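Hi everyone, thanks for coming. Please have a look at the sequence and the structure, and then I'll walk you through a few parts of it.

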Amino acid sequence: MAAAPQAPGRGSVRKTRPLTVKTSLNNPYTVCWSALDREDMHFILQTLEDRFKSLGLQKMEDKKKKKKQFFKKKSPDKCSTEVGMSEDLKEKHPEDNEQGSGWTPVSVRKQLAIGVNEVTRALERNGLLLVLVCKSAKPALITSHLIQLSLSRSVPACQVPRLSEALAPVIGLKCVLALGFRKDTTAFIDEVKAIIPRVPSLHVPWLQGRPEESMENLDTESLESQDKEILETSFEALSKHKRKPVEGQQAIVLQPLKIKKVIPNPNKIRKPPKGKKTSK
């Protein structure tokens, strides 16, 4: 007898799904901090540590505020009387309340930008003279954006090893990943002038930067004269006009973007269901 015909598709090998590959465009340039000499590192750390100690800059925290306080519900009359008593105490002893927490010389603190976020905001507003970054910041992506930002603002910047270890205990902070000196500083002007010549120059391929202080005051008369000529010319001549390159300015060599292919979850590890617990 002839065998019964089987249904099509039964017993066939299951087809494997094609791997999903995600493509991304990466930066072809490698931007990194310039290396700082060991002698310059010790000089920068010692000068700043001595200056902070002489000024007495330190953040004071009130330990009583850190403790958790549990308040019971009180009647409105009692609350109003207690508020009046607290206001009277503040009027009698205003110095005690001011010295409870905060920075000791507030005027000196306003001349600095401490932390990555504060340094970034100050650089965007072009209000810094010098930027110092701690090398122990992990991941390095936290401070890598300051290279392009400081170079575009013509601000000297460098990565200093052990910056946080040396200055954080003196100031009264847990860590100091970035430190900036504002343009209106008067307490650190001598230290900034002494540190800037020791700062290595930064290099970003697509930016014609001027990291050194001597390069800040450029000769802009030639550019201004060219702008006046452009304004005086007609629209037709303006379309044909090309600005001449500045002396000493190198041409930028463009490079193609790097294409990176990423396979998500290559080992095909599935997440366990929420209800079931994974066995250790």
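Let's start with Arg109, which makes a salt bridge with Glu118, their closest N and O atoms being 3.0 Å apart. By salt bridge I mean a side-chain nitrogen of Lys or Arg within 4 Å of a carboxyl oxygen of Asp or Glu. Before I go on, please keep in mind that this is a predicted model: local features need pLDDT of at least 70, side-chain atom pairs count only at pLDDT 80 or more, and totals for chains, interfaces and linings use all residues. Residues are numbered from 1 along each chain as its sequence is written, and side-chain values use heavy atoms, with hydrogens and water left out.

Are Arg109 and Glu118 buried or exposed? Arg109 is buried at 15% relative accessibility, and Glu118 is buried at 18%. Here buried means under 20% relative accessible area, exposed means over 50%, and partly exposed is in between, with a 1.4 Å probe and protein chains only. Arg182 joins in too: Arg109, Glu118 and Arg182 form a network of salt bridges.

Glu118 brings us to helix H6, residues 116-124, where it is one of the buried residues, along with Val116, Val119, Thr120, Ala122 and Leu123. Helices (H or I, at least four residues) and strands (E, at least two) are DSSP runs, numbered from the N terminus. The buried residues of H6 pack against several elements, including helix H5 (106-109) and strand S7 (178-182); contact here means heavy atoms within 4.5 Å. After H6 comes Asn126, with a positive phi near 60°.

How many salt bridges are there by this rule? The count is five. One of them joins the side chains of Lys53 and Glu49, at 3.3 Å from N to O. Both residues sit in helix H1 (residues 38-55), four residues apart, or about one turn of the helix. An α-helix has 3.6 residues a turn, so residues three or four places apart point the same way. Lys53 is exposed, at 52% relative accessibility.

Then there is Arg51, which forms a salt bridge with Glu191, the closest N and O atoms being 3.8 Å apart. Arg51 lies in H1 and Glu191 in helix H9 (residues 189-195), so this pair ties together parts that are 140 residues apart in sequence. Arg51 is partly exposed, with a relative accessible area of 23%, whereas Glu191 is buried at 16%.
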